[in-house]
Amino acid sequence: MSRARGRATTAPPWPVAVPATLAVLFLALPLVGLLVRAPWGRLWEVLTSPTSLSALRLSLVTGAASTAIALVLGVPLAWWMARSAMRGRSFLRALVTVPLVLPPVVGGIALLLAFGRRGVVGQYLWDWFGVQLPFSTPGVVVAQVFVAMPFLIITVEGALRGLDGRLEEAASTLGAGRLQVFRQVTLPLVAPSLIAGTVLTFARALGEFGATITFAGNLEGVTQTLPLAVYTGLEGDPAEAVVLSLLLLAVSVLVLVALRDRWLRTGASA
Amino acid sequence: MSGLHGRAVVERGAFVLDVEIAVDPGEVVAVLGPNGAGKSTLLRAACGLTPLTGGRLELDGRIVDDPEADVLVPATDRHVGVVFQDYRLFPHMSVVDNIAFGPRSTGAGRGEARRRAAEWVARLGLDGLGDRRPSTLSGGQAQRVALGRALAADPALLLLDEPLAALDAETRLDVRSGLREHLRSFAGPTLLVTHDPLDAVVLADRVVVLEDGRITQQGDPWDVARRPATRYVARLLGLTLLGGQASDGEVALDGGGVLHVPSEEIADGDVLVAVRPSAVSLHAERPEGSARNVWNGVVDGVEPIGDRVRVAVRGAPTVMVDVTPGAVADLQLAQGREVWLSVKATELEVYPA
């Protein structure tokens with residue numbers, strides 16, 4: 001009896017083992033399929049094709065731009081949400097979380113209605129400044145920021161709330177002004193979360209598809225980022241779609257490596 | 001007027017802190033009180049982290065908080081050094097950088113700040129620890145770093161919030177005597193908050209007892225320890241405090257019973273009698289002897305304290321008595337045991353209520 005129980009701690013009983021194994025297979029098999037069926041012989045040729053190169057360049061540029069915008073706008077919002085005792089803070093937090101759970105295509109529609117040429121804000125952008133966001137590269141950035149910035153805000157806000165202000169209080173009694181407290185105490189202490197949030201945001205922006213294609217369209221060299229190129233490739237040259245998918249998979253693996261201390265350590269908390 | 005002066009009123013819901021406070025340069029004042037008495041609120045008000053809702057505080061002749069006149073000097077500009085109970089050292093900085101933070105913030109250059117920090121490292125006996133992170137320090141070391149960080153900023157007022165509470169009993173002794181030296185050499189006013197009467201007696205020139213937002217007693221620490229005005233302080237010190245009416249060298253106690261006291265010491269009227277547990281003797285039979293106060297009672301509880309045993313005896317009056325473990329065995333002291341008590345009149349501390 002005791003031996004059976006001792007063995008049970010290493011080998012799970014079958015009601016656990018069977019579904020668990022199925023889950024692993026289910027998650028792993030598609031990746032295996034991608035690697036097995038990839039046209040390795042054409043890899044370089046496809047990667048260096050004008051379509052791929054322009055999609056890659058566009059993805060990197062827009063991804064970097066949206067990450068930068070998310071940092072500039074999102075970190076102050078995270079700080080404000082973490083520190084102010086304002087009413088409606090939970091409402092604000094819910095608002096920030098919406099893009100996380102909203103289907104991206106719905107986000108794209110919403111962006112069109114707000115920033116399209118007939119949109120709530122977009123009509124004035126067009127009438128007064130002649131600016132049109134949809135179907136433009138800046139439109140891609142807008143879509144990515146909308147979808148990805150919440151990752152940064154949520155991550156940084158959590159870290160700031162964990163800091164609970166006691167060290168900042170100590171710093172202020174030592175004569176440090178608010179900006180100095182933020183730069184020398186707050187920021188270094190939330191740096192790990194800030195980096196994690198930034199990587200996460202960049203990865204999400206890079207993978208953005210639904211909101212982008214809805215709001216910015218699929219114009220090669222202008223709005224056709226890597227995920228959109230994959231989608232287009234499926235209809236024309238499937239090999240291209242697979243190669244570009246491999247590229248995006250590689251980026252995901254890199255992100256995982258960058259965040260390994262945060263996510264892959266057993267029992268680690270965020 | 002230099003030093004800290006004024007009246008601090010902080011209302012927060014049903015709780016009201018309302019105290020007159022005065023700390024002169026070079027003076028160390030201990031605020032002694034139970035949890036929730038408003039000690040930390042007073043400290044936070046003094047350093048500008050909690051604004052007053054009434055009264056007015058002056059530091060070195062400058063009004064730093066006056067809600068009526070809408071004056072509030074924020075913590076950043078108040079030059080008040082604080083040693084927090086949990087120290088609040090910056091975990092991402094070395095010991096030297098922690099101590100240099102104050103001088104840096106108040107305008108010293110990087111080199112100058114580090115030089116001053118290094119001085120404090122040496123002065124506080126932290127040699128060799130300058131490059132360490134706070135998480136690698138012992139409790140006593142962290143306490144000294146926190147003190148150095150507060151003092152290196154050259155504060156106009158030093159505040160210490162339960163400076164020894166986070167330490168274990170053994171290190172507390174060492175750190176307390178070290179702290180005493182450093183407080184002596186600080187020229188400005190010092191306000192320290194504690195719930196340990198020993199801190200007050202060892203570290204402070206004057207003690208202020210704070211209970212439920214009000215000052216209930218203040219004065220020389222030894223006087224307060226000898227003649228506590230409230231049950232809270234008496235209990236902290238292990239004394240039994242009895243109230244009563246004095247007349248002709250006798251005190252008729254409020255809770256029943258009469259004690260003979262040294263008649264020359266006290267005028268008639270309301271008085272308090274402090275009874276030290278070690279001044280009372282226990283006996284199995286009614287004692288014959290010189291003690292003028294003899295009464296009987298029933299043992300209510302027996303509890304070892306260090307090398308003594310503290311016995312609560314219910315009677316008129318009910319008192320605490322310290323005896324040796326041997327006496328516990330000899331007298332078969334246990335709950336419900338009937339005993340006789342005696343105490344000499346000269347052993348009683350009697351003073352006006």
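Contact here means heavy atoms within 4.5 Å, and by that rule 7 residues of domain 1 of chain B are in contact with 8 residues of domain 2 of chain B. This is a predicted model, in which local features need pLDDT of at least 70 and side-chain atom pairs count only at pLDDT 80 or more, while totals for chains, interfaces and linings use all residues. Residues are numbered from 1 along each chain as its sequence is written, and side-chain values use heavy atoms, with hydrogens and water left out.

**The two domains of chain B**

- The domain assignment, automatic or taken from a database, gives domain 1 (4–232) and domain 2 (238–352) in chain B, and their centres, taken over C-alpha atoms, are separated by 39 Å.
- Between them, domain 1 and domain 2 of chain B bury about 620 Å², 50% of it on carbon and sulfur atoms, where buried area is the accessible area (1.4 Å probe) lost by two parts on being put together, summed over both.
- The two domains of chain B are joined by 2 salt bridges, a term for a side-chain nitrogen of Lys or Arg within 4 Å of a carboxyl oxygen of Asp or Glu.
- Arg226(B) and Glu349(B) form a salt bridge through their side chains (3.2 Å, N to O).

**Lys39(B)**

- Lys39(B) belongs to helix H1 (residues 39–47) of chain B, helices being DSSP runs (H or I, at least four residues) numbered from the N terminus.
- Beyond its neighbours within four places in sequence, Lys39(B) is in contact with several residues, including Glu162(B), His195(B) and Leu210(B).
- A polar atom of the Lys39(B) side chain lies 3.2 Å from the backbone oxygen of Pro34(B).

Note on methods
Chains lettered and ligands numbered in written order. Helix = DSSP H or I, 4+ residues; strand = E, 2+ residues; numbered from the N terminus. Polar contact = N/O pair within 3.5 Å; in protein donor to acceptor, adjacent residues only side chain to side chain.
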